[in-house]
Amino acid sequence: MLWPFNHFRKPRQPARSTIETIYGMIVTQAREPLFYRDLGVPDTVNGRFDLLLMHLWLVLRRLKSAEAGPDLSQALFDHFCTDMDDNLREMGVGDLTVPKRMQAFGEAFYGRTAAYDLALTDSEEALARSFCKNILNGQDIEKARELAAYARAATAALARADLAALGAGTWRFPAPLTAGTAA
């Protein structure tokens, strides 16, 4: 029997362990040395942040089409924000400065994801130019093309993952070198 007040309950939250697993996969992939050594991503705090944003964007795009996607997406984004806040505090950023830096992170996230979404619907070259500008500091369009080929391969891999695998965090990103050599 349906209880008439079920719609007043809070929506079911994804399991914390699931969110940690998915976020851990994103962070692990963003730390893959091949991105820095072979694809020209600057091995700096900003370079690592930009690569983390790119992978988070890829996963959040795919989750939009999943049944539990909105709740999972929101929980994943919240975990990202908590991680960024924690990292700022570990780096010694003061309590009064953290909100300003978090706002800058949010602006960076929304700006880049909007640019990547637009570029993804345009062309491979548009995505490469967007990556060149945002991730590679305007340097080396050839490396940006390889990064765009990787992002397209990751998008395809995520599209092949069924909803159960997405929700459980059991899918895998492709290897960056594979995408780069296929381009």
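## Helix packing exercises

Let's start with helix 7 (141-160): its buried residues (under 20% relative accessible area with a 1.4 Å probe, protein chains only) are A144, L147, A148, A149, Y150, A151, A154, A157 and L158. Helices here are DSSP runs of H or I, at least four residues, numbered from the N terminus. The model is predicted, with local features needing pLDDT of at least 70 and side-chain atom pairs pLDDT 80 or more, while totals for chains, interfaces and linings use all residues. Residues are numbered from 1 along each chain, and side-chain values use heavy atoms, without hydrogens or water.

**Exercise 1.** Work out what helix 7 should span, and check it against its end C-alpha atoms.

*Solution.* Take 1.5 Å times one less than the number of residues. For the 20 residues of helix 7 that gives 28 Å, and the end C-alpha atoms are 28 Å apart, so the two agree.

**Exercise 2.** Classify how helix 5 and helix 6 pack.

*Solution.* First, get the geometry: the angle is about 155° and the axes (lines fitted to C-alpha atoms over the stretch in contact) are 7 Å apart. Next, apply the cut-off: over 145 degrees counts as roughly antiparallel, so helix 5 is roughly antiparallel to helix 6. Then list the contact (heavy atoms within 4.5 Å): R112, A115, Y116, A119, L120 and D122 of helix 5 meet A126, L127, S130, F131 and N134 of helix 6. Finally, sort them: seven are nonpolar, two polar and two charged.

**Exercise 3.** Find the partners of W171, skipping residues up to four places away in sequence.

*Solution.* W171 touches I22, M25, V59, L158, A161, A165 and L166.

How values were computed. Helices (H or I, at least four residues) and strands (E, at least two) are DSSP runs, numbered from the N terminus. Axes are lines fitted to C-alpha atoms, for helices over the stretch in contact, and angles run from 0 to 180 degrees between N-to-C directions. Angles under 35 degrees count as roughly parallel, over 145 as roughly antiparallel, 65 to 115 as roughly perpendicular and the rest as oblique. Ala, Val, Leu, Ile, Met, Phe, Trp, Tyr, Cys and Pro count as nonpolar, Asp, Glu, Lys and Arg as charged, and the others, Gly among them, as polar. Buried means under 20% relative accessible area, exposed over 50%, partly exposed in between (1.4 Å probe, protein chains only).
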